[in-house]
Amino acid sequence: MRYISTRGQAPRLGFEEALLTGLARDGGLYVPETWPQLGKAAQARLAGQPYGAVAAQVMRPFVGRSLAGKALQGAIAEAYGTFRHQAVAPLVQIDEGLWLMELFHGPTLAFKDVALQLLGQLYDRVLKARGERITVIGATSGDTGSAALEACRDRAAIDIFILHPKGRVSEVQRRQMTTIDAANVHNIAIDGSFDDCQDLVKAMFNDQAFRDRVNMAAVNSINWARVLAQVVYYVTGAIALGAPHRAVSFAVPSGNFGNVYAGYAAKSMGLPIERLIVGSNRNDILTRFFSSGAMKITRVTPSLSPSMDIQVSSNLERLLFDLFDRKGEKLAAAMQEFRRSGHFTAPQRHWGRVAKTFHAHRLDDRQTLAAMRDVHRRTGMLVDPHSAIGLAAALDARRSAAKSATPIISLATAHPAKFPDAVEQATGIRPALPSHLAHLMSARERLTDLPNDLARVQDFVLANTRLGHNR
Ligand SMILES: *Cc1c(COP(=O)(O)O)cnc(C)c1O
């Protein structure tokens with residue numbers, strides 16, 4: 001399997017190079033050259049198999065000859081061994097024809113663990129085999145940082161530095177990062193905003209000499225391996241509800257479009273997925289796009305679902321690539337124009353197919369709280385604000401397609417205890433942290449305060465990465 005860039009100008013890469021490269025050199029995202037097919041007989045054979053076995057079979061054609069022998073299975077077993085539920089992504093029925101898939105049983109209580117736990121394992125194995133090391137540097141406004149740190153902690157081939165804006169992440173989010181006790185983990189509290197942190201990371205990426213010296217890598221959601229890890233639960237969910245004999249739809253609370261794009265990938269592989277229902281908060285560029293075919297950038301406004309406070313969804317480019325008939329030069333020109341003018345209009349040719357598959361729904365904070373209250377009243381379950389947006393979008397889609405008997409799986413992307421204030425505001429109940437995180441509020445914190453100053457941050461990285469010392 002080879003990977004090509006959505007902008008058509010970067011070299012084609014194998015799986016390992018795509019994993020280590022992240023963003024393509026022409027500014028595009030890597031996608032597989034063709035979609036391997038999972039035929040009906042192969043789907044039927046997956047029924048009843050454990051999550052890890054399904055994962056290995058779904059991923060193998062994408063991984064090709066890399067991670068040969070038992071290496072892929074080993075990475076999968078270790079990644080999902082950290083989850084606190086045997087099924088990894090269990091389904092809970094909450095109404096007739098409506099299921100919730102709980103993706104929050106990983107170490108940091110958010111669905112990002114599903115992809116990042118595997119990414120950490122893959123990085124480690126591929127780097128060891130090549131005799132290489134990397135320094136992961138990232139910025140976080142909350143969730144991604146802890147998931148990346150948990151994924152990379154104690155990995156011999158990786159040092160990881162996560163920048164967060166000092167005093168501007170919640171106490172639980174900060175402690176999930178700073179109480180990790182591992183020699184290769186470095187938390188940096190920047191005296192500045194999240195944007196300042198992101199600008200520092202970008203500046204380090206653009207400093208070629210620095211970047212090469214520390215072998216800098218990113219773990220953001222444009223990495224193809226993260227999408228691939230997420231394809232697996234669309235497969236297990238569809239098969240649990242009757243694929244290949246019966247179709248199923250998914251509802252997905254969306255920010256960077258990585259999660260729901262994995263559903264599109266599963267559909268492209270032949271899974272009978274009828275609709276992909278996209279939920280947005282008041283930052284609703286995706287809803288506007290799927291209802292009109294046009295996008296216009298507006299300002300990001302903070303909401304109760306902060307992991308979806310995004311205006312330009314980076315993974316949407318992978319879907320647009322297909323809308324442009326996989327012609328990278330055309331997409332590159334359209335993206336340049338979008339960046340310049342803030343406007344984008346989808347080409348007509350394949351729009352019908354996209355509009356048939358994707359259905360989008362937007363909720364403001366008031367509607368999000370109402371949705372959380374409604375689930376609790378009807379089922380007794382507490383759901384976090386992101387998951388509630390997915391559920392409300394699923395209910396909306398069901399209303400607008402009254403005759404459809406297709407079951408819907410709504411993805412629950414965070415544990416309610418990760419957003420206790422919003423849950424309490426909606427239901428009057430404050431969800432408790434799971435027992436394995438009970439130590440969080442008393443454990444020792446490890447972090448370094450630094451000013452918003454590129455040279456100081458680079459000096460800190462150089463002084464603490466183990467890279468230089470081993471070479
Ligand atoms: C990251 C995140 C999302 C958004 O996922 P995308 O892949 O960016 O669309 C939704 N919910 C939670 C809890 C998240 O952490």
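Helices (H or I, at least four residues) and strands (E, at least two) are DSSP runs, numbered from the N terminus. The structure is a predicted model, in which local features need pLDDT of at least 70 and side-chain atom pairs count only at pLDDT 80 or more, while totals for chains, interfaces and linings use all residues. Residues are numbered from 1 along each chain as its sequence is written, and side-chain values use heavy atoms, with hydrogens and water left out.

Just after helix α13, Asp-325 adopts a positive phi of about 55°, although Asp-325 is not a glycine. Asp-325 belongs to the loop between α13 and α14 (328-341). With a relative accessibility of 31%, Asp-325 counts as partly exposed; here buried means under 20% relative accessible area, exposed over 50%, and partly exposed in between (1.4 Å probe, protein chains only). Helix α13 itself (residues 316-323) has 8 of its 8 residues buried, so this helix is largely enclosed by the rest of the structure. Among the buried residues of α13 are Glu-317, Arg-318 and Asp-322, together with Leu-316 and Phe-321.

Leu-109 is placed in the loop between β4 (98-102) and α5. Its relative accessibility is 3%, and Leu-109 therefore counts as buried. Another backbone feature is the cis peptide bond from Ala-243 to Pro-244, with omega near 5°. Pro-244 is part of the loop between α10 (224-240) and β9 (248-253). For context, most residues other than glycine have a negative phi, and most peptide bonds are trans.

Attention now turns to the ligand.

A backbone N or O atom of Gly-255 is 2.8 Å from a ligand oxygen, and a polar backbone atom of Asn-256 is 2.7 Å from an oxygen atom of the ligand. For Ser-307, a polar side-chain atom is found 3.4 Å from a ligand oxygen. Of the 390 Å² of accessible area that the ligand has on its own, the protein covers 97%; accessible areas come from the Shrake-Rupley method with a 1.4 Å probe, and for residues only the protein chains shown count as cover.Lys-112 is found in helix α5 (residues 112-130). An unreviewed UniProt entry annotates Lys-112 as "modified residue: N6-(pyridoxal phosphate)lysine"; such annotations may be inferred rather than shown by experiment, and UniProt positions are given in the numbering used here, with feature names shortened. Lys-112 counts as buried because its relative accessibility is 15%. Leaving aside neighbours within four places in sequence, Lys-112 is in contact with Thr-144, Ala-147, Arg-226 and Ser-307, where contact means heavy atoms within 4.5 Å.

Conventions. A polar contact is a pair of N or O atoms within 3.5 Å; within protein, one must be able to donate a hydrogen and the other to accept it, and residues adjacent in sequence count only if both atoms are side-chain atoms.
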